[in-house]
Amino acid sequence: MGCGASAGKYSIAESSSDSNAQPEAPAWIALPAITSAPRANPSASLHMKMLQYPSAVSLEDFECSSVLGRGKFGEVVLAQHKEDSLFYALKKISKVQMVERKNKDSVTSEITNLMRIRHPFVAHLFGFFQDDRHVTLVLEYCCGGELFNRLKHRTRFSPDEAKFYITEIALALDFLQSPPLSMVYRDLKPENVMLSSAGHVRLVDFGFAVPLNADGDSITGGCGTAM
Ligand SMILES: Nc1ncnc2c1ncn2[C@@H]1O[C@H](COP(=O)(O)OP(=O)(O)OP(=O)(O)O)[C@@H](O)[C@H]1O
Ligand SMILES: [Mg+2]
């Protein structure tokens, strides 16, 4: 049964915050083509399907369960792909919210940015698809949760733990900022630092990331999260 169909399971149609969808939401959004090569792992089959037949993948291909987190434009849900049985984090971005907040560009740039990145400390994007209400990103599931929750639970980290997280975050940022990517992340906060099952860092949320100018000039503009 699909994500939105099962009565006992999480239902996308029922639980979405935009159930009164505005008619001006675009039915189809021009998104970048999936061009990156699949990472060598068992999920390559789903990646290849999205690469060759992007419109063939839909929410019906996944069994959705819990909500992993909520962001500005929608929810991130845990989902098991029916064919490969692997778990993914589906980031469902509401088109209505996108239009209302005039933020279509951040969705396309999040996809474009993530497709260029292959790094052990950045959550992997396997692909994406869309229907008339959502653009959905298929992301690596970071089952260790947010660094924010770990910090809240522990109150403070030991010096060694702090060094561990800072080092992994610094390595990811250095990779992003160095050529050939030359990208500034611009949304570093404990809610966007996820952890893998082994406790390693996975950065998420690349909607604000921008390329550095070729001449290294400073970048201006608003970013981050208002407190
Ligand atoms: N790959 C993932 N695996 C597990 N949980 C995730 C994953 N990606 C995101 N989440 C959860 O969902 C939350 C929201 O995701 P994300 O930050 O990407 O959304 P956003 O709409 O861009 O949020 P924001 O309001 O911070 O800009 C995260 O803080 C995290 O709790
Ligand atoms: Mg976020």
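This report describes the fold, the ligand surroundings and some local backbone features of a predicted model.

## Basis of the model

Because the model is predicted, local features are given only at pLDDT of at least 70 and side-chain atom pairs only at pLDDT 80 or more, while totals for chains, interfaces and linings use all residues. Residues are numbered from 1 along each chain as its sequence is written, and chains are lettered from A and ligands numbered from 1 in the order in which they are written.

## Overall make-up

The protein has six helices and 10 strands, where helices (H or I, at least four residues) and strands (E, at least two) are DSSP runs numbered from the N terminus. Of its 227 residues, 32% count as buried; a residue is buried if 20 or more other C-beta atoms, placed from the backbone, lie within 10 Å of its own, exposed if 12 or fewer, and partly exposed in between. Among contacts between residues at least 6 apart in sequence, 64% join residues at least 24 apart, a contact being a pair of residues whose C-beta atoms, placed from the backbone, lie within 7 Å.

## The five-stranded sheet

Five strands form an open sheet in the order β1-β2-β3-β5-β4, with antiparallel pairing, and two strands are taken to pair if DSSP finds at least two bridges between them. β1 and β4 (125-130) stand at the edges with a single partner strand each, so one side of each has no neighbour in the sheet. From one strand to the next, the twist averages 25 degrees.

β1 and β2 (residues 74-81) are joined by seven bridges, and G71 has G74 in β2 as its bridge partner. Seven bridges also join β2 to β3, with Q80 opposite F87, and β3 in turn pairs with β5 over seven bridges in the antiparallel sense. β3 is mostly covered, seven of its eight residues being buried. Helix α4 (residues 104-116) lies across β3, β4 and β5 and runs at about 150 degrees to β4; such angles run from 0 to 180 degrees between N-to-C directions, with axes fitted as lines to C-alpha atoms, for helices over the stretch in contact.

Ligand 1 is surrounded by 21 residues, of which the closest are G69, G71, V76, A89 and D205; a residue is near a molecule if its C-beta atom, placed from the backbone, lies within 6 Å of it. The elements that give two or more residues to this shell are β1 (62-71), β3 (87-94) and β5 (134-140), and the largest share, three residues, comes from β1.

K91 is listed for "binding site" in an unreviewed UniProt entry, and such annotations may be inferred rather than shown by experiment. K91 is found in strand β3 and stands opposite L137 in β5. K91 counts as buried because 26 other C-beta atoms lie within 10 Å. Leaving aside neighbours within four places in sequence, K91 is in contact with V76, T136, L137 and L139.

## Local backbone features

In the hairpin of β2 and β3, which has five residues between the strands, S85 takes a positive phi near 65 degrees, and S85 is exposed, with 9 other C-beta atoms within 10 Å. T155, in the loop between α5 (147-154) and α6, has a phi near 70 degrees, likewise a positive value in a residue other than glycine, and T155 counts as exposed with 6 C-beta neighbours inside 10 Å.

A cis peptide bond joins P179 and P180, with omega about 5 degrees, and P180 is found in the loop between α6 (159-177) and β7 (183-184).

Note on methods. Two residues are in contact if their C-beta atoms, placed from the backbone, lie within 7 Å.
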